[in-house]
Amino acid sequence: YLPITMVGFFWLGARSKLAAAWWLAIASLVFYAGWSWRYVPLLLCSVGFNFVFGSLIARSSQRPLAARVLLAGAVAANLLLLGYFKYADFFIANWNWAFHQRVDPLHLILPLGISFFTFTQIAFLVDTSKGIATEPRFSHYLLFVTYFPHLIAGPVLHHKEMMPQFAQAQTYRPHWENVSVGLTIFIIGLFKKTVLADGAAPYATPIFDAAAVGQTLTFFEAWGGALAYTFQLYFDFSGYSDMAIGLSRMFGVKLPLNFHSPYKATNIVEFWRRWHMT
C-alpha cells in the first residue's frame with residue numbers, strides 16, 4: 001500500500017497538485033476501508049457535514065451570533081454521533097441495572113478512529129469560527145480529515161498545522177532526506193509497538209485477568225502487573241504516534257509531536273502536558 005501510494009502521489013504531484021491531493025485522499029479512504037468498508041459512508045457523511053458547516057460558519061464571520069449558533073449545533077451533532085457509538089450500550093446497561101429493565105443492547109461496533117476524526121473536525125470548526133482556518137476545497141478538506149497516517153489514532157491535527165504544507169511545491173517532490181528520516185522514525189515507533197508494548201502485555205494481562213475473577217494477588221504481582229500495563233499503554237500509543245509522524249514525513253508533511261517523554265515529568269500537571277499533547 002505505502003509504495004503504491006507514494007509513487008502515485010509524487011507522480012501526479014509533478015503534474016497537478018489537485019490530482020495528487022485527490023489521489024492521497026482516495027488512497028486514505030481505501031486504507032480505512034481495509035478495516036471495514038461498511039463505515040466508509042459514515043466517515044464520508046461526517047466529512048461532508050462538517051465541510052458544509054465549516055463553510056457556513058466562515059460565511060457568517062460578520063454575524064457573530066449566527067456563527068456561534070452554527071458552531072454549537074455542529075459540535076453538538078459531532079458529539080452526539082461519537083456518544084451514540086461509544087456510550088449507547090453503556091447507558092442501556094446502566095438503565096437496565098438501575099430500573100431492573102431488560103432493554104436489549106445495540107451491540108454497536110465502534111468505528112475505527114471515530115474519536116480522532118471527530119475531534120479533528122471539531123477543532124477545525126472552532127478554528128474556522130475564530131478566523132484561524134478556512135478550507136473552500138472539498139478535496140483538501142477530505143484529505144485533511146482522512147490523511148491515513150493520523151486517521152486511526154492521531155495525532156489530532158489543526159488545519160493550520162498540516163494543510164499549508166500541501167500548498168508548497170516541494171511537498172509534491174520526493175526528497176530522500178524526508179524518506180530516510182521518516183523511515184527511521186517509523187521503525188522506532190514500530191519497535192515500540194511490536195517489541196516493547198507487545199512484550200509487556202504478557203506480564204500485564206494475566207494479572208488483570210486474575211484480579212477480575214477475584215484472585216488474591218501478592219504485593220509484587222499487583223505492582224508488577226500495574227507497571228507492565230503502564231508501559232504497555234505508553235509504548236503502544238506513543239509508538240503509533242511515531243509511526244504516523246514517520247509515515248507522514250516520507251510524504252514531506254510534518255506532523256506535530258504527540259508525546260514528550262511523559263514519564264520524565266515531575267508532577268501530574270507536567271505529565272498531562274507531555275501525554276497525547278495534540
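## Ser139 and its surroundings

Leaving aside its neighbours within four places in sequence, Ser139 is in contact with Leu18, Trp22 and Ala25. These contacts belong to a predicted model, in which Ser139 has its place in helix H6, the stretch that covers residues 138-146. Ser139 has a relative accessible area of 4%, and because buried means a value under 20%, Ser139 is counted as buried.

## The largest nonpolar core

The largest nonpolar core holds 62 residues, and among these Leu143, Tyr147, Met162 and Phe166 are the ones that touch the most other members. Helix H10, which runs over residues 219-250, gives the most to this core, with a contribution of nine residues.

When residues up to four places away in sequence are not counted, Leu143 touches Ala21, Leu24, Ala25, Met162, Met163 and Phe166.

## The largest pocket

Turning to the pockets of the model, the largest pocket has a volume of about 160 Å³. Its lining is made up of Lys86, Ser115, Phe116, Phe119, Ala123, Val156, His158, His276 and Thr278, and helix H5, which spans residues 114-129, supplies the largest share of this lining, with four residues.

Sorted by class, the residues that line the largest pocket comprise four that are nonpolar, four that are polar and one that is charged.

Technical notes
Residues numbered from 1 in each chain as written. Predicted model: local features only at pLDDT ≥ 70, side-chain atom pairs only at ≥ 80, totals over all residues. Heavy atoms only, no water. Core = buried A, V, L, I, M, F, W, Y, C linked by side-chain atoms within 4.5 Å. Buried < 20%, exposed > 50% of the residue type's maximum accessible area, 1.4 Å probe, protein only. Helix = DSSP H or I, 4+ residues; strand = E, 2+ residues; numbered from the N terminus. Contact = heavy atoms within 4.5 Å. 1 Å grid on protein atoms, 1.4 Å probe; cavity = no way out; pocket = protein on both sides within 12 Å on 5 of 7 lines; lining within 4 Å. Points joined across faces, edges and corners; volume = space filled by probe spheres on them. Nonpolar A, V, L, I, M, F, W, Y, C, P; charged D, E, K, R; others polar.
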